[in-house]
Amino acid sequence: MRNQRQVVDYALQRRSLLKGVHSGRVGTYDVCDAGPYLLRAAKFHGRPGEQDCPVCHREELTLVSWVYGEELKHVAGSAKTPDELVRMDGHFAEFTVYEVEVCRSCHWNHLVRSYVLGTGDPGSTRPRTRSQRTAGQ
């Protein structure tokens, strides 16, 4: 993404949680709780992650990107593919993307990172229509 800003990485939180799971202080039932909506989003909108599941080691993780922002209206709270994010980046002034890793086998899920995308220009939230372009000339 060309305009990624305000990036927050949750790697330390993830590492701490996994340490608790592997030591037995945290049960797998507490961390392997992905719901059906998240699992469907992983299947249809996710992209392959770079590593195997840290809990079950059976499957490669899937990354799902969720978008939120006032400007998004009915699109807010939905999963988007990388191509859709690129299009949205040039179309909306600002929105937040939350990337979640999901194991479709054991249902492990964790927030990986969040960042803000968009043009950064509140005045350019919608491309002008053809009639608007010709009227301004």
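Reader: Which residues lie nearest the centre of the largest pocket, and how many line it?
Author: Gln51, Leu63, Glu101, Val112 and Arg113 lie nearest its centre. The lining holds 14 residues. Keep in mind that this is a predicted model.

Reader: What makes a residue part of that lining?
Author: A lining residue has an atom within 4 Å of a pocket point. The 14 residues of the lining meet that cut-off, so they count.

Reader: Which elements give two or more residues to the lining of the largest pocket?
Author: They are α1 (11-23), β2 (47-52), β3 and β6. The largest share is that of β2, with four residues.

Reader: How do you know what kind of lining it is, by class?
Author: Count the residues by class. Seven are nonpolar, two polar and five charged. Of the residues nearest the centre, Leu63 and Val112 are nonpolar because Leu and Val belong to that class. Glu101 and Arg113 are charged, since Glu and Arg belong there.

Reader: What is the volume of the largest pocket?
Author: About 280 Å³.

Reader: Turn to helix α4. Which of its residues are called buried, and why?
Author: Leu85, Met88 and Asp89 of α4 (residues 82-91) are buried. The term applies because each is under 20% relative accessible area.

Reader: Why do you say that they share a side of α4?
Author: They cover an arc of only 110° around the axis, and that puts them on the same side of α4. These buried residues pack against β3 (60-68), β4 (78-80), β5 (95-102) and β6 (109-117).

Reader: What makes Asp83, Val86 and Arg87 exposed, and where do they sit?
Author: Exposed means over 50% relative accessible area, so these three are above that mark. They sit on the face of α4 turned away from its buried side.

Reader: Which residues of helix α3 are buried?
Author: In α3 (residues 36-45), Leu38, Leu39, Ala41 and Ala42 are buried. They span an arc of only 160° around the axis, which places them on the same side of α3. Their packing partners are β3, β4, β5 and β6. Pro36, Tyr37, Lys43 and Phe44 are exposed, on the face turned away from the buried side.

Reader: How many helices and strands does the chain have, and what share of its residues is buried?
Author: The protein chain has five helices and six strands. Their order from the N terminus is β-α-α-α-β-β-β-α-β-β-α. Of its 137 residues, 39% count as buried.

Technical notes: Residues are numbered from 1 along each chain as its sequence is written. This is a predicted model: local features need pLDDT of at least 70, side-chain atom pairs count only at pLDDT 80 or more; totals for chains, interfaces and linings use all residues. Side-chain values use heavy atoms; hydrogens and water are left out. Buried means under 20% relative accessible area, exposed over 50%, partly exposed in between (1.4 Å probe, protein chains only). The arc is that of the directions from the helix axis to the C-beta atoms. Contact means heavy atoms within 4.5 Å. On a 1 Å grid over the protein atoms alone, a cavity is a set of points where a 1.4 Å probe fits but cannot get out, and a pocket is an open set with protein on both sides within 12 Å along at least five of seven lines; lining residues have an atom within 4 Å of a point. Grid points are joined across faces, edges and corners, and a volume is the space filled by probe spheres set on the points.
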